[in-house]
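Colleague: I am new to this structure and would like to go through it with you. Could you put it on screen?

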Amino acid sequence: MGIERTLSIIKPDAVGKNVIGEIVSRFEANGLQVIGAKMLRLSQDQAQAFYAVHKERPFFNDLVQFMISGPVMVLALEGEDAVLRNRELMGATNPKDAAPGTIRADFAESIDANAVHGSDSLENAAIELKFFFNNDLLPRNVSN
Ligand code: ADP
Ligand code: MG
């Protein structure tokens with residue numbers, strides 16, 4: 001699979017808990033490098049567009065309201081098998097099902113407030129990175 005890029009969002013619950021650094025540390029300790037980062041508050045239109053794939057799901061409105069309830073930290077991550085590695089570090093969508101030691105097991109309260117978003121495929125990672133970052137602005141990995 002090689003070196004990939006993926007998108008992570010530290011959601012409003014985790015930002016509010018003051019654990020941005022702890023979450024970023026997990027990425028850094030596990031072979032993922034932050035190559036882009038911005039803190040922002042999503043508008044309702046942006047949140048609806050970002051999660052458009054879920055617009056028919058019963059939880060869509062709650063998800064959008066939650067994602068606009070406070071600031072988020074958007075991260076572009078790069079590393080070996082970054083898409084899968086990030087998903088493994090995140091843990092299952094419902095923190096009750098998340099493996100011990102994963103971000104969601106340690107920082108999430110519920111399936112709604114579940115600390116992080118992560119792209120679920122290389123194809124979606126490219127789409128989601130474009131949503132937040134101008135690709136030309138991403139620096140090359142210079143550390144290794
Ligand atoms: P993931 O974030 O693990 O990729 P999904 O893409 O399936 O999960 O869902 C997107 C987000 O929607 C989840 O992170 C979660 O916040 C919310 N969500 C998913 N399923 C449910 C559900 N059954 N009830 C409430 N919220 C949900
Ligand atoms: Mg998903």
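Colleague: Let us begin with Ser-119. Is Ser-119 buried or exposed?
Modeller: This is a predicted model. In it, Ser-119 has a relative accessible area of 0%. Buried means under 20%, so Ser-119 is classed as buried.

Colleague: Where is the place of Ser-119 in the chain?
Modeller: Ser-119 belongs to the loop between strand 4, residues 116-118, and helix 7, residues 122-132.

Colleague: And which side chains does the side chain of Ser-119 contact?
Modeller: One is the side chain of Glu-128, with a polar contact of 2.7 Å. Another is the side chain of Thr-6, where the polar contact is 3.5 Å.

Colleague: Let me change topic to the ligand. Where does ligand 1 sit?
Modeller: Ligand 1 is found in the largest pocket.

Colleague: Which residues surround ligand 1?
Modeller: Lys-11, His-54, Phe-59, Leu-63, Arg-87, Thr-93, Arg-104, Ile-111, Asp-112 and Asn-114 surround ligand 1. Sorted by class, this shell holds 4 charged, 3 polar and 3 nonpolar residues.

Colleague: Which side chains have an N or O atom close to an oxygen atom of ligand 1?
Modeller: Asn-114 has a side-chain N or O atom 2.8 Å from an oxygen atom of the ligand. For Arg-104, the corresponding distance to an oxygen atom of ligand 1 is 3.0 Å. Arg-87 also places a polar side-chain atom 2.8 Å from an oxygen atom of ligand 1.

Colleague: How much of ligand 1 does the protein cover?
Modeller: On its own, ligand 1 has 530 Å² of accessible area, and the protein covers 78% of that.

Colleague: Now the backbone. What is the phi of Ala-115?
Modeller: Ala-115 has a positive phi, near 75°, in a residue other than glycine. Most residues other than glycine have a negative phi.

Colleague: Where does Ala-115 lie, and is Ala-115 buried or exposed?
Modeller: Ala-115 is in the loop that runs between helix 6, residues 103-107, and strand 4. Its relative accessibility is 0%, so Ala-115 counts as buried.

Colleague: What about Asp-81: what is its phi, and where does Asp-81 lie?
Modeller: Asp-81 is not a glycine, yet its phi is positive at about 50°. The loop that holds Asp-81 lies between strand 3, residues 72-80, and helix 5, residues 82-90.

Terms used. Residues are numbered from 1 along each chain as its sequence is written. Chains are lettered from A and ligands numbered from 1 in the order in which they are written. This is a predicted model: local features need pLDDT of at least 70, side-chain atom pairs count only at pLDDT 80 or more; totals for chains, interfaces and linings use all residues. Side-chain values use heavy atoms; hydrogens and water are left out. A residue is near a molecule or strand if one of its heavy atoms lies within 4 Å of it. A polar contact is a pair of N or O atoms within 3.5 Å; within protein, one must be able to donate a hydrogen and the other to accept it, and residues adjacent in sequence count only if both atoms are side-chain atoms. Accessible areas come from the Shrake-Rupley method with a 1.4 Å probe; for residues, only the protein chains shown count as cover. On a 1 Å grid over the protein atoms alone, a cavity is a set of points where a 1.4 Å probe fits but cannot get out, and a pocket is an open set with protein on both sides within 12 Å along at least five of seven lines; lining residues have an atom within 4 Å of a point. A molecule sits in a cavity or pocket if more than half of its atoms lie within 2 Å of its grid points. Ala, Val, Leu, Ile, Met, Phe, Trp, Tyr, Cys and Pro count as nonpolar, Asp, Glu, Lys and Arg as charged, and the others, Gly among them, as polar. Helices (H or I, at least four residues) and strands (E, at least two) are DSSP runs, numbered from the N terminus. Buried means under 20% relative accessible area, exposed over 50%, partly exposed in between (1.4 Å probe, protein chains only).
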